Amino acid sequence: MAALIAENFRFLSLFFKSKDVMIFNGLVALGTVGSEELFSVVAFNCPCSPARNYIYGLAAIGVPALALFLIGVIWNNHTWNLVAECHKRGTKNFSTAATFLLFGSIMGRAAVAPVTWSVISLLRGEAYICALSEFVRPSSLDRFPAEYGAEVLARFPCKDTPANLTKFRDEVTRRLRYESQLFGWLLIGIVAVLVFLTKCLKHCCSPLSYRQEAYWAQYRSNEDKLFRRTAEVHSRILAAKNVKHFFGFVALDKEEKELVQEFPVEGVQPSPQWNAITGVYIYRENKGFPLYSRLHKWAKGVEGNGPSPEGHEMLFLAS
């Protein structure tokens, strides 16, 4: 039991596995900032109408954030590896902690853009002011005319108010902008603390040394590049052979002719091989030797996805 608990805690390395991930997250955040600025300048237009301001203001913050979150989930390789894992092998090989933290990794990566969008929206304050201006209590405003109510307050974001209410409009706008920016800074602080704690847990719970983890990241990157490049060439040569078989000839350029002559392709890989190298991968060791990917494990002839008497399994998720 103690060993199982230790292995599960070692799985706590989920976010920001490498500098490449940090750079990618930074680019996502910068792109989101630019998109939010463009949206605020071009698209945002408060209706300044009771009961509509609240819905519109929240939608301006929440709907783009939701869309960015879903896009982040779709673009995350872990999402589709998890789908393939569940479809082919189920989740019986993962503990509850591993499954939970795998979902946490997917959600954490996907949250970069929507959190950035929400923070920038709150710091700008327009959407927050639009949403909540009508809910400001007139009694909280010194000497606010009693004949005016929520309908006039709802028009404050558009500056469409009587001249005698200008100072109240400025006060309401200033108050709501203060609240909005306060929430924005608090959100930044909370996210920063969570990232810091996650980085600390990652380094404390990692079963790998810093150099081995860096090597693993380089291996995964190189394996992915070589696999994609080889798959592209393999599929092109196989397609050329099939087209030639159908027409009797195939129109190839000089580079493609050299590829066909240099790399003879006899057939395609059977489905069991594709299934063996597809899915979620957790760092494994077999007889003391590391297995850095599903392809690496398949090439070494290691069967199964769970721990075995000959192999040692460390629950450490590949980024």
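Guide: Cys-46 and Cys-130 are both buried. The model shown here is a predicted one. In it, these two cysteines form a disulfide, with their sulfur atoms 2.1 Å apart. A disulfide is a covalent bond between the sulfur atoms of two cysteines. The torsion about the S-S bond of Cys-46 and Cys-130 is about 80°, and the disulfide is therefore right-handed. Cys-46 belongs to the loop between helix 2 (19-42) and helix 3, whereas Cys-130 sits in helix 7 (residues 126-132), so the bond ties together parts that are 84 residues apart in sequence.

The count of disulfides comes to 2. The other pair is Cys-48 and Cys-158, whose sulfur atoms lie 1.7 Å apart. Here the torsion about the S-S bond is about 95°, so this disulfide is right-handed. Distant parts of the chain are linked by this pair: Cys-48 is in the loop between helix 2 and helix 3, and Cys-158 is in the loop between helix 8 (150-153) and helix 9 (166-205), 110 residues apart. With a relative accessibility of 11%, Cys-48 counts as buried, because the limit for that class is under 20%. Cys-158, at 35%, counts as partly exposed. When the bonded cysteines of the protein chain are numbered in sequence order, the pairing reads 1-3, 2-4. As for Cys-200, its relative accessible area is 30%, so this residue is partly exposed.

Helix 6 may be considered next. This helix covers residues 112-124, 13 residues in number. From its first C-alpha to its last it reaches 18 Å, close to the 18 Å expected at 1.5 Å a residue. Of its 13 residues, 10 are buried, so helix 6 is largely enclosed by the rest of the structure. Among those buried are Val-112, Pro-114, Trp-117, Ile-120 and Leu-122. Gly-125 follows helix 6 and has a positive phi, near 90°.

Strand 1 (residues 282-286) is likewise largely enclosed by the rest of the structure, because 5 of its 5 residues are buried. In a regular strand the side chains alternate between the two faces of the sheet. Both faces of strand 1 are covered: one side carries Ile-282, Arg-284 and Asn-286, the other carries Tyr-283 and Glu-285, and all are buried. Strand 1 runs antiparallel to strand 2 (residues 289-291), and 3 bridges join them. Within this pairing, Arg-284 stands opposite Leu-291 of strand 2. The hairpin formed by the two strands has 2 residues between them, and Lys-287 takes a positive phi near 55° there.

Ile-71, Ile-74, Trp-75, Trp-80 and Val-83 make a nonpolar surface patch of about 580 Å². Helix 3 (53-75) and helix 4 (77-88) each supply at least two residues of this patch. Helix 3 gives the largest share, 3 residues. Trp-80 is found in helix 4, and its relative accessibility of 47% means that it counts as partly exposed.

Terms used:
Residues are numbered from 1 along each chain as its sequence is written. This is a predicted model: local features need pLDDT of at least 70, side-chain atom pairs count only at pLDDT 80 or more; totals for chains, interfaces and linings use all residues. Side-chain values use heavy atoms; hydrogens and water are left out. Patches are made of residues with over 30% relative accessible area and no salt bridge: like charges are joined within 9 Å, nonpolar side chains (Val, Leu, Ile, Met, Phe, Trp, Tyr) within 5 Å. Accessible areas come from the Shrake-Rupley method with a 1.4 Å probe; for residues, only the protein chains shown count as cover. A salt bridge is a side-chain nitrogen of Lys or Arg within 4 Å of a carboxyl oxygen of Asp or Glu. Helices (H or I, at least four residues) and strands (E, at least two) are DSSP runs, numbered from the N terminus. Buried means under 20% relative accessible area, exposed over 50%, partly exposed in between (1.4 Å probe, protein chains only). Two strands pair if DSSP finds at least two bridges between them. The expected span of a helix is 1.5 Å times one less than its number of residues. A disulfide is a pair of cysteine sulfur atoms within 2.5 Å.
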